[in-house]
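Here are my notes for you as you open the model in your viewer. Take the points one at a time, and find each residue on screen before you move on.

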Amino acid sequence: MTDRVTAAEPLSAAGSTASPHIDAGDAGYRKDLKSRHINMIAIGGAIGTGLFLGAGGRMASAGPSLFIAYAVCGVFAFFVVRALGELVLYRPSSGAFVSYAREFMGEKGAYTAGWLYFLNWSTTAVADITAAATYAHFWSLFSDIPQWVLALIALAVVLAANLISVKYFGEMEFWFAIVKVAALVAFMLVGIFLVVTSHDVGGSTPGLANITDNGGIFPNGMMPMLLLIQGVVFAYASVELCGVAAGETENPEKIMPKAINSIMWRVGLFYVGSVVLLALILPYTAYSGDQSPFVTVFDKLGIPGAAGVMNLVVLTAALSSLNSGLYSTGRILRSMSMAGSAPKFTGVMNKGGVPYGGILLTAGFGVVGVLLNARMPEDAFELVLNFASIGIIGTWAMIMVCSLLFVRSARQGKLSRPAYRLPWAPYTQIVTLVFLGSVLVLMWMDGGIGRTTVNCLPLIGAALVGGWFLVRRRVRETSGAQD
């Protein structure tokens, strides 16, 4: 047995939920994240770039039916994070689902889960810096600066901040989340006022007429809404972040359930509620993918400075997402490095307990995003969003498979499930896996970049297989050296 998976005391007859496994990748971290950090990280993870930037183009394509897509995907996102939450209560780990995949699926499972997660966040980092550069162009001060330069600046600033310590990361995410929540609450209050008073917004009168007089809920039919689901899945990409952060907090068994359970109502309030208000305030044709829909509303209101403030908020959201991605991949890659399935340098930590090797590797892929912004600034966001969605689908699928195997082991009496559980297991996991498979089908049906991305799945599979053959010897040697 390796020191990554070491024997411990057997489970007590009373049904202890203690895990008989320990992940060596958890060593060296500081338990500096407090309850308020975890709660706001959970909020921030549920409110990201996919809402602030992506909702504009999706609204223009699918119309008001977009709220249905957000609601459906939100339910499955909750199932995923609830399944992860049960695993966290069973055994908190900064390696999160990679550590659980190692326990229930072996090193091949951990390797696959980890690199799919890296695919998710390395491409999401590109989307985030692209979004940040796009937002910055809103102000005339930055309009003449090339998009790739702004993307590079965003990457450099967030990278520097992420390398200090987990305490600073927690503080940054706390205040980033506060800004995002405050902005959405302010928008919703203003939006409700506009609808109730029928206040003119850029020549349009808010109300149901903006929906009924413009083709109804499905102005272009149901198919556009279905085809957008893969992009909506991207909007929820960070919900699993609180599971990774649980490894650096004290008393996760008290903090995590509250943080995870609150995700569901936040999804309903902020995502579904915001989209419904957007549809009521302006016709869906007033929105576009070139501008945040929230900025569009305030811009048309003509309130001096309001659009600029909202644009600053959505810029903050993009930087927050980038910050979270660097944080989580650093921890995941360290867990993999300790097992031999990631480069050795990704397991290195600094004096502040930060695994800077993995963070720098993810940032290195962000540089690819800078090049994309230099060569194809118009298409960079949509291109990487599709590949990020593949990574997200793969990560969520691995979490649900781990959850299935965990429940099976519990039924076989090998371990005990905590009191905090994913409801309706194992049916919940199976339905979620079917949903994730259907998202891939919808991506292919969408044609264009989406179909190209799905057609690349054999290449991604081949890369994973080839990579395994490159690292398997080191994995075995690492295991043998630590027996």
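Predicted model: local features only at pLDDT ≥ 70, side-chain atom pairs only at ≥ 80, totals over all residues.

1. Let's begin at Trp 444, which sits in helix H18.

2. Together with Met 223, Val 441 and Met 445 it forms a nonpolar patch, with about 370 Å² of accessible area in total. Helix H18 gives the largest share of this patch, three residues.

3. Now step back to the whole protein. It has 20 helices and zero strands. Of its 483 residues, 59% count as buried. The accessible surface comes to about 18200 Å², and 66% of that belongs to carbon and sulfur atoms. Look, too, at how the chain meets itself: among contacts between residues at least 6 apart in sequence, 79% join residues at least 24 apart.

4. Next, look inside. In soluble globular proteins, nonpolar side chains tend to be buried together. Here the largest nonpolar core holds 145 residues, and those touching the most other members are Phe 52, Tyr 70, Phe 97, Phe 187, Tyr 236 and Trp 396. Another core, of 15 residues, lies apart from it and includes Ala 133, Ala 151, Leu 326 and Val 354.

5. Trp 396 deserves a close look. Which residues does it contact, leaving aside neighbours within four places in sequence? They are Ala 77, Val 80, Val 233, Tyr 236, Val 239, Glu 240 and Leu 436.

6. Side chains of opposite charge can pair when their charged atoms come close. The count here is four salt bridges. One of them joins Glu 86 to Arg 417, with the closest N and O atoms 2.5 Å apart. Because Glu 86 lies in helix H4 and Arg 417 in the loop between H17 and H18, this pair ties together parts that are 331 residues apart in sequence. Both Glu 86 and Arg 417 are buried.

7. Another salt bridge pairs Glu 103 with Arg 91, at 2.8 Å between the closest N and O atoms. Glu 103 is in helix H5 and Arg 91 in the loop between H4 and H5, so the parts tied together are 12 residues apart in sequence. Glu 107 pairs with Arg 102, and there the closest N and O atoms are 3.1 Å apart. Glu 107 is buried at 16% relative accessible area, and Arg 102 is buried at 6%.

8. Finally, check the backbone. Most residues other than glycine have a negative phi, and most peptide bonds are trans. Trp 424 has a positive phi of about 65°; it is placed in the loop between H17 and H18 and is exposed, at 64% relative accessible area. In the loop between helices H17 and H18 you will also find Pro 426, and the peptide bond from Ala 425 to Pro 426 is cis, with omega near 5°. Ser 198 has a positive phi as well, near 55°. Ser 198 lies in the loop between helices H8 and H9 and, at 38% relative accessibility, counts as partly exposed.

Terms used
Residues numbered from 1 in each chain as written. Heavy atoms only, no water. Core = buried A, V, L, I, M, F, W, Y, C linked by side-chain atoms within 4.5 Å. Buried < 20%, exposed > 50% of the residue type's maximum accessible area, 1.4 Å probe, protein only. Contact = heavy atoms within 4.5 Å. Helix = DSSP H or I, 4+ residues; strand = E, 2+ residues; numbered from the N terminus. Patch = residues over 30% accessible without salt bridge, like charges linked within 9 Å, V, L, I, M, F, W, Y side chains within 5 Å. Areas by Shrake-Rupley, 256 points an atom, 1.4 Å probe, with all protein chains shown as cover. Salt bridge = Lys/Arg side-chain N within 4 Å of Asp/Glu carboxyl O.
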